[in-house]
Amino acid sequence: MFKVGIVGCGAIGSYLLQAIVRNYQPAVKIAGVCELDDLKVKELSAKLKCKLKRYSLAELVEKSDLIIEACTAEFAVCVVEQALKFKREIMVMSVGALVNHPELIEQAVKQRINLYIPSGAVAGLDALKAARMGKIKKVVLITKKPVQGLTGAEYIRKKNIDLSKIKTEAVIFEGSAAKAVLGFPKNINVAAILSLAGIGAKKTKVKIIASRLISKNIHTIEILGDFGKIVCCTENVPSELNKKTSKLAMFSALAAFERILNKVKIGT
């Protein structure tokens, strides 16, 4: 039996819990969860009609074969460190943590521990990974988000940007993916994923647009290399559980989990 521990019971964590309990048992067992909000765990237990066991991070990692990190970029580093310490496989949703701490990836490779990174809320990663086998000249991400989806971002606060003054649309950031991940740790996971799959965070270029004209998160990727050119656009519907989380990111997490279980693996 494959034992899975989930860290964080927010939109993605709770979605995965429900999917695993309903569709993958008895082959897969929920070892437990690590979540600060005890009420949230009780509510999920009632909804799933099973008692979820709540553990400290170290306890959960020790009891699991696979750890799924679905918390925050700040705490994700601790989660990965614990998984590596106990030599457990790990799936990371807060990918910015890996961009900011590349030594964690290096350690996973050195220890031969499987580290899974779902595609998240963007299309085109298979093509980007294939293009990397040749020469990639440019990777550009243009992200357009509803204004309310950017409130509270570190970059907005530090630059004293008044989002209420935006009447239609405005470019609020333009620079490297490395800087985007630092300035928008909860808003621009896509930039982190593209960086790891492609030419790195310093070379990947990012433009972020705050808009009052849209209700969806729109990600447009342009890849230029010796293979030719790719332009890919994803218009994401937000999750009902958390407006800052795209439904596609949730579906991607489940698809990545299913890929771990399946013997037949489709795609690059």
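Guide: Let us begin with a term: contact means heavy atoms within 4.5 Å. Please note as well that the model is predicted.

Visitor: What covers the buried residues of helix 10?

Guide: The cover includes helix 5 (96-100), helix 7 (125-131), strand 6 (136-146), helix 9 (177-183), strand 8 (205-211) and strand 9 (217-225).

Visitor: Why is helix 10 called largely enclosed by the rest of the structure?

Guide: Helix 10 spans residues 189-197, and seven of its nine residues are buried, so the description "largely enclosed" applies. The buried residues are V190, A191, A192, I193, L194, S195 and A197.

Visitor: How many aromatic pairs are found in the whole structure?

Guide: The search finds five.

Visitor: What makes the pair of Y24 and F257 edge-to-face?

Guide: Two values decide the matter. The ring centres are 5.5 Å apart, and the cut-off for a pair is 6.5 Å. The planes stand at 90°, and an angle over 60 degrees counts as edge-to-face. The pair of Y24 and F257 is therefore edge-to-face.

Visitor: Why is this pair said to tie together parts of the chain?

Guide: Y24 belongs to the loop between helix 1 (11-23) and strand 2 (28-34), while F257 belongs to helix 11 (residues 247-261); the pair therefore joins parts that are 233 residues apart in sequence.

Visitor: How do you know whether Y24 and F257 are buried or exposed?

Guide: A residue is buried when its relative accessible area is under 20%. Y24 has 14%, so Y24 is buried. F257 has 0%, so F257 is buried too.

Visitor: Which residues do ring pairs link into a cluster?

Guide: Y155, F173 and F184 are linked in this way.

Visitor: Which residues make the contact, and how many are nonpolar, polar or charged?

Guide: Helix 1 contributes A11, I12, Y15, L16, A19 and I20, and helix 11 contributes A249, M250, F251, A253, L254 and F257. By class, the contact has 12 nonpolar residues, no polar ones and no charged ones.

Visitor: What makes the peptide bond from Q25 to P26 a matter of note?

Guide: That bond is cis, with omega near 5°. P26 lies in the loop between helix 1 and strand 2.

Visitor: How do you know that K87 and N160 are exposed?

Guide: Exposed means a relative accessible area over 50%. The value for K87 is 58%, so K87 is exposed; N160, at 67%, therefore counts as exposed as well. K87 is not a glycine, although its phi is positive, at about 60°. N160, likewise a residue other than glycine, has a positive phi near 55°.

Visitor: Why is D126 called partly exposed?

Guide: D126, which is found in helix 7, has a relative accessible area of 36%. Leaving aside residues up to four places away in sequence, D126 touches G267 and T268.

Technical notes:
Residues are numbered from 1 along each chain as its sequence is written. This is a predicted model: local features need pLDDT of at least 70, side-chain atom pairs count only at pLDDT 80 or more; totals for chains, interfaces and linings use all residues. Side-chain values use heavy atoms; hydrogens and water are left out. Rings of Phe, Tyr and Trp (its six-membered ring) pair if their centres lie within 6.5 Å; planes under 30 degrees apart count as stacked, over 60 as edge-to-face and the rest as tilted. Helices (H or I, at least four residues) and strands (E, at least two) are DSSP runs, numbered from the N terminus. Buried means under 20% relative accessible area, exposed over 50%, partly exposed in between (1.4 Å probe, protein chains only). Ala, Val, Leu, Ile, Met, Phe, Trp, Tyr, Cys and Pro count as nonpolar, Asp, Glu, Lys and Arg as charged, and the others, Gly among them, as polar.
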